[in-house]
Amino acid sequence: TGNICRSPMAEALFRELVAGRADYQVSSAGVSAMPGQPASAHTAGILREKGVDISGFRSRPLTLDLLDKATHIFAMAAHHVEAIEMDFPQSAGKTYLVSEFCADDRLRNQDVSDPIGMGRAAYDETHDMLEQMLPSVLNYIEQTFPKKDAS
């Protein structure tokens with residue numbers, strides 16, 4: 001929503017999954033984000049403990065330009081998918097819930113918990129959910145998106 005808790009965490013974790021791969025560009029934005037805010041302190045702290053520095057991260061609102069450039073859009077919650085589909089119907093065919101392909105049946109099609117305004121434990125829960133969901137996102141992209149020939 002605000003691009004300061006869940007989505008910057010997901011962005012950073014997914015960047016780690018595809019580190020060193022020039023065929024991936026990863027970014028995040030929020031359906032109701034104010035531009036220029038840093039990631040929440042707990043998000044930054046959890047990632048720092050994992051060796052990931054997001055001190056330079058700044059929030060940004062979702063725009064048509066960002067959506068047009070994206071091959072895949074993964075939302076943190078069902079209401080985000082609905083907002084994208086309503087406001088940007090041309091992006092509906094490439095918009096998914098981040099948990100949609102999760103291998104864990106208990107998490108599949110679930111919203112990623114929103115820790116905003118809560119303590120560290122809520123952020124840890126969000127991190128754990130994303131850690132379980134993002135490998136399936138990568139697998140989905142790898143299986144469905146055509147690769148460009150290296151020649």
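In which segment does Asn-3 lie? Asn-3 is placed in the segment before helix 1, helices being DSSP runs of H or I with at least four residues and strands runs of E with at least two, numbered from the N terminus. The model is predicted, and local features need pLDDT of at least 70, side-chain atom pairs count only at pLDDT 80 or more, and totals for chains, interfaces and linings use all residues. Residues are numbered from 1 along each chain as its sequence is written, and side-chain values use heavy atoms, without hydrogens and water.

Although not a glycine, Asn-3 has a positive phi of about 60°. Its relative accessibility is 1%, so Asn-3 counts as buried (under 20% relative accessible area; exposed is over 50% and partly exposed in between, with a 1.4 Å probe and protein chains only). A positive phi, of about 65°, is also found at Asn-109, likewise not a glycine. Asn-109 belongs to the loop between strand 2 (95-97) and helix 5 and is partly exposed, at 46% relative accessible area.

The largest pocket has a volume of about 1200 Å³. A pocket is an open set of points on a 1 Å grid over the protein atoms alone, where a 1.4 Å probe fits, with protein on both sides within 12 Å along at least five of seven lines; lining residues have an atom within 4 Å of a point. Of the 39 lining residues, Gln-25, Val-26, Ser-27, Ala-70 and His-72 are the closest to the centre of the largest pocket. Elements giving two or more residues to this lining include helix 1 (6-17), strand 1 (73-75) and helix 5 (120-144).

Note on methods: Points joined across faces, edges and corners; volume = space filled by probe spheres on them.
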